[in-house]
Amino acid sequence: MLARFKAMLKPGGRLSLADLESEDGTFHDDNSDVAHFGFDTTWFAGQLDRLGLENVKIRTIHSVTKPRGDILRSYPVFHASARLPFSHEG
């Protein structure tokens, strides 16, 4: 998916994505159609770097709080940004 996004960028173009940070599967009430349980931000940054994107930045921007049983759980949301170098060929 990230490689497909990269392919859509013009040289100097920026990629900006947000998603849940890794969670234990309790975010959704029903996990039967859930494709993933958030992303490990270190892994995500590494994938952007591996694709040759630069200025990779990841930070937590929000937290979704949901009741889970008798407690409130917080689920962090991250924002990732990166740029395709101007010197990118093809």
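Helices (H or I, at least four residues) and strands (E, at least two) are DSSP runs, numbered from the N terminus. On this basis the protein chain holds 2 helices and 3 strands, in the sequence pattern α-β-α-β-β. Its radius of gyration (over C-alpha atoms) is 16 Å, well over the 12 Å of the globule rule for 90 residues, so the chain is more spread out than a compact globule; the rule is 2.2 Å times the number of residues to the power 0.38.

The model is predicted: local features need pLDDT of at least 70, side-chain atom pairs pLDDT 80 or more, while totals for chains, interfaces and linings use all residues. Residues are numbered from 1 along each chain as its sequence is written, and side-chain values use heavy atoms, without hydrogens and water.

Buried residues (under 20% relative accessible area, 1.4 Å probe, protein chains only) make up 33% of the 90 residues.

The whole structure contains 5 aromatic pairs, that is, rings of Phe, Tyr and Trp (its six-membered ring) with centres within 6.5 Å. In one of them, the rings of Phe44 and Phe78 are edge-to-face (planes over 60 degrees apart), because their planes stand at 65° with the centres 5.2 Å apart. The two partners lie 34 residues apart, and both are buried.

| Residue | Element | Element range |
|---|---|---|
| Phe44 | helix 2 | residues 41–50 |
| Phe78 | strand 3 | residues 71–83 |

Together with Phe39 and Trp43, Phe44 and Phe78 form one aromatic cluster.

Conventions. Phe/Tyr/Trp six-rings, centres within 6.5 Å; stacked < 30°, edge-to-face > 60°. Buried < 20%, exposed > 50% of the residue type's maximum accessible area, 1.4 Å probe, protein only.
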